[in-house]
Amino acid sequence: MVCSAARLLLLAMTLPLLGSPAARASQPGQSQAGGEPGQLLDQGSGSGAVPSAPVESALVSVYVHLDFPDKTWPLTLSRTLTLPAALASASPGTLTGLSLTTECDINLEGHIECSCLSGYQWNARVCSRHRPCQALHSHQPCGCLVFSQPEPGYCQLLPPGEELTASCLPAVPGNLSLNSPLQMPGHTLNLTLLVSQEATNLNWFLRHPGNSRPVLLQPGTQVSLTSSRGWAALSVSNMSHHWAGEYVSCFEAQGFMWNLYQVVRVSLEVADVARLPDQLSISCATSPGFQLSCCIPRTNLAYTAAWSPGEDGEASSFNTSGSQCSVLVVQHCPAADTTYTCDLQSRGLTPLRVPVSIAIIRDGDITCPEDSSGMAWNVTKAGHVAQAPCPVNKSGVVKRPCGHDGVWGPIRSSCTDERLLALLTRAKLLQAGQGKPDDEVPQILRELSGQVAVASSPSDLLTLLRTMKCLAKVTARARIQLKHSALENLLTTTDKVLDMDTSSLWTDKPWVGSTFLLAVETLARSLCPQDHPFTLSLPNVQLQTQLLSPKLPADYKISFSTQPPLQTQIPRHALAPLHHNGTQISITSLVLQKLDHLLPPNYGQGLGDSLYTTPGLVLVNSIMADGQTFHQGEVIMDFGHTKSTPHCVFWDHNLFRGKGGWSREGCQAQAAGASLTTQCICQHLTAFSILMSPHTVPENPTLTLLSNLGLGASILALLVCLGVYRLVWRAVVRNKVAYFRHTALLNVVLCLLAADTCFLGATLLPPGSRSLLCLTATFLCHFFYLATFFWMLAQALVLAHQLLFVFQQLSKHRVLPLMVLLGYLCPLGFAGVTLGLYLPRGQYLREGECWLDGKGGALYTFVGPVLAIVGVNGLVLAMAVLKLLRPSLSEGPPVEKHEALLGVIKALLILTPIFGLTWGLGLATLLEEVSTVPHYIFTILNTFQGVFILLFGCLMDKKVQEALRKRFCRTRLPNSTVSLATNESYISECSKGGGEAAR
């Protein structure tokens, strides 16, 4: 039957024709019936004739437009209709049958809705150009279309199938089968389509129960599609109730769209049942009754709920928007501990039994008292967990454990806003394969930016971040290009998340920050090329994008108005390899503030286990070309003025088993010219920042100036020392002891002069492993400073030999070669091994300086030998002091004691700088928690070491003074003063004291 509200009808007629069917061509016709003359929609020829048996007759589709102003059209059709004049004049014939094909009506919007009657359908070409009607669920594809204005076209006769008893149904060119109409949770659904005709435009849909809108199925984490000639298959793994419904296979064949259907039901599992509470402890004296509930999601399987035991309770049920619930109200408290069971049954399935344990509180039991912290907590038995429902529009439960000692534990809430949960479910299903990513991702991002304001708990925030993670994965897999509106929604959400105070979430789940960063990175670089350039500035987020010309691009350089100011640059030579065949290059730079404080303190190789601070900025650079993301390329970043030399790092999502961590691989820091800013140069693109030790002494201009002045003064003093030795050398090396001492001291002066000069000059060189001058200066500083200390060791060993073996003389020809080997060969070995071992690893040079890296281990090849030598030299000094003190203080008169103490003080003043003992203060500067005082002391004592050597090691030497006087004054002073300025004096005094002690 045709609805009486119809106003437009299209008809098809069956005509018996005479003569050859080939000579009969259908003509355009026009008919008037029961009202105003109809206006033809199709001014061209009608459809071609469809031959039918017998030959004497043919089914001819004649387009007739009938316009009925009222409901009298059934009466009008009952009148005899004649052939159109044009058709009747062409060939004689008689109208033997008439069928209605299309029914049209005008909707409330003024558009024309034309639906096909049984046996007819719009062809695929017309169907692809018009949207379907918003009609009730129908299994007829392309059965109703919406036309904005009248145009040629009408429903076509479907290909006939085999004749049945009373009718001839269309022949569907395919068959859809499945492995089982009832699926168990976790199993895999397999649907197979076999087609007998060539099929194109194949799509799979899922229509959920209670929802007339079908969902497109595409490859995802659970959906896989395969096809070949004559067949196609759909596979859905890990089935759950989210995949229950009617599966539709839609394809085009023989010029029509065909839909094949299979209904799939999925049973529920215990995890799908929500219980509140799942356990309960109750005092019958204070709470004689209680209430239990269990809820299941809506599904296309009919479930009935029953409670056991249920004799003392009253069961009821109610439905919400997405679930069915059963409630048991127990009026009387049970006498003993009882386990109630919610039995959920569906025909043909194993019942689901969900237990709820009830513990009765008896006299003498340890309990937690009533409390009103956050909400009302009833008396709870020790060792149990009290539970409370979430507020309205939130899902989950609030739990609070009662300790075995009767003390309440912390409140744990899993309450999550239902709107955020719905978005997460949509995102998960989209990732699994339900929905069209191009439409769903922007829509979810828009809704997410509106719902971020309701995120008021760690659980809400975690749900929101998981949603963003799913959307990022879908975007990367499907290579979606987002419009600027979608990107703006993303960054608005990101800005609000960074403003949230949810430290408990980042503490309990530190990986969340890394996941959040990766999601924002992925989505931010997905802007479609038509929307470049795009700039957005928010309190915590700043974005700038550029689309570089297909011609050879220039340097990419932009700056951000952050605090401190941030600049990033990608050199032209890094972009040149991406330019080929007119490829457009899009670059996205994103600055996130406060995010670095949310990332876990995980540090990769070379950063050690120390805690660092950051400037509060994370810079993300991304390059897209030909729809692909490029991660390699040089990028230069200027993070502004920093209080200390930082580590240039990036966030490596693969470190620590996927939890992420800071890594310095491929990055290095250097000073930005003469300014105080820090530049980071990295050979890859990702999320960058800088790390600074919270206990590192800031760069102090006073300390730097003092160090430079000390080094300059030492260099001048050492040059003066060399000049003095040039004048007095022959006068001071007349015996072996003096020769050994002054030879060692002369080499100390030469090595320290070279080391200080290299160290001072290295500050003027560009740092970095690419600078050959910086590498050379570092190696020479390492070698000469070590040589200085090894010559100090040689001098101390000679003195120790003279103290221990007073009457045993040293051979000049044996000792001097050994001193040379010790003074130069050993430090050369240390410096060479360090260079060969740490330079290939990128751990040789300190970031921003021409000196050894303190984190990778290279610095310890200098610190270790120096501290060992300082220790040995300290023992030798102690031996000399004991030799001076023992005879005089134990047996001598007061005058001799005073002279001995004076000699000890002079020995300490002379030997401490000569033996390099002040370098022992370096241990204090290596500690993390250290004030500026040790740094000042260390700087003064060691940068001025050359001055001290000139004063105490050279000018205070009695023989040097005598030689200078002889050379300039030509006079000789009486030898009446006590001097401990030379090793000879130490030896003679110690030997004398030893002889007196022997007597």
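Let me begin with a definition: a residue is called buried when its relative accessible area is under 20%, exposed when that area is over 50%, and partly exposed in between, with a 1.4 Å probe and protein chains only. By this scale Trp-729 is partly exposed, its relative accessible area being 24%.

The model before you is predicted: local features need pLDDT of at least 70, side-chain atom pairs count only at pLDDT 80 or more, and totals for chains, interfaces and linings use all residues. Residues are numbered from 1 along each chain as its sequence is written, and side-chain values use heavy atoms, with hydrogens and water left out.

I turn to the aromatic residues. Rings of Phe, Tyr and Trp (for Trp, the six-membered ring) pair if their centres lie within 6.5 Å; planes under 30 degrees apart count as stacked, over 60 as edge-to-face, and the rest as tilted. How many aromatic pairs does the structure hold? There are 14 aromatic pairs. In one of them, the ring centres of Trp-122 and Phe-147 are 5.2 Å apart and the planes stand at 55°, so this pair is tilted. Trp-122 lies in the loop between strand S7 (120-121) and helix H3 (124-129), and Phe-147 lies in strand S8 (residues 144-147), so the pair ties together parts that are 25 residues apart in sequence. In these names, helices (H or I, at least four residues) and strands (E, at least two) are DSSP runs, numbered from the N terminus. Trp-122 is buried, at 1% relative accessibility, and Phe-147 is buried at 4%.

The partly exposed residue of my opening, Trp-729, forms an edge-to-face pair with Tyr-725, at 5.7 Å centre to centre and with 70° between the planes. Both residues lie in helix H12 (residues 701-732), four residues apart, about one turn of the helix. Is Tyr-725 buried or exposed? With 2% relative accessibility, Tyr-725 counts as buried. Elsewhere, Phe-759, Tyr-785, Trp-851 and Phe-862 form one aromatic cluster.

Next come the charged side chains. A salt bridge here is a side-chain nitrogen of Lys or Arg within 4 Å of a carboxyl oxygen of Asp or Glu, and the count by this rule comes to 13. One of them joins Lys-399 to Asp-278, with the closest N and O atoms 4.0 Å apart. Lys-399 lies in strand S33 (residues 397-401) and Asp-278 in the loop between strand S21 (274-276) and strand S22 (279-282), so this contact ties together parts that are 121 residues apart in sequence. Lys-399 is partly exposed, at 31%, and Asp-278 is partly exposed, at 24%.

In a further salt bridge, Asp-460 and Lys-394 meet at 2.9 Å, N to O. Here too the pair links distant parts of the chain: Asp-460 is in helix H6 (residues 458-478) and Lys-394 in strand S32 (residues 394-395), 66 residues apart. Asp-460 counts as buried, at 0% relative accessibility.

Arg-426 and Glu-440 also meet in a salt bridge, at 3.0 Å, N to O. Arg-426 lies in helix H4 (residues 418-432) and Glu-440 in helix H5 (residues 437-451), so the pair ties together parts that are 14 residues apart in sequence. Arg-426 is partly exposed at 26%, whereas Glu-440 is buried at 15%. Salt bridges with shared partners join Arg-426, Glu-440 and Glu-447 into one network.

I close with the strands, where two strands pair if DSSP finds at least two bridges between them. Why is strand S26 (residues 323-330) described as largely enclosed by the rest of the structure? Six of its eight residues are buried, so the description applies. Strand S23 (residues 290-297) pairs with S26 in the antiparallel sense over eight bridges, and Pro-297 stands opposite Ser-323 in S26. Strand S25 (residues 313-319) runs antiparallel to S26 and is joined to S26 by seven bridges, with Ser-317 opposite Ser-326 in S26. S25 and S26 form a hairpin with three residues between them.

There is also an open sheet of four strands, in the order S22-S28-S27-S24, with mixed pairing. Its edge strands, S22 and strand S24 (304-308), each pair on one side only. S24 runs antiparallel to strand S27 (residues 338-345), and five bridges join the two; Trp-307 stands opposite Cys-342 in S27.
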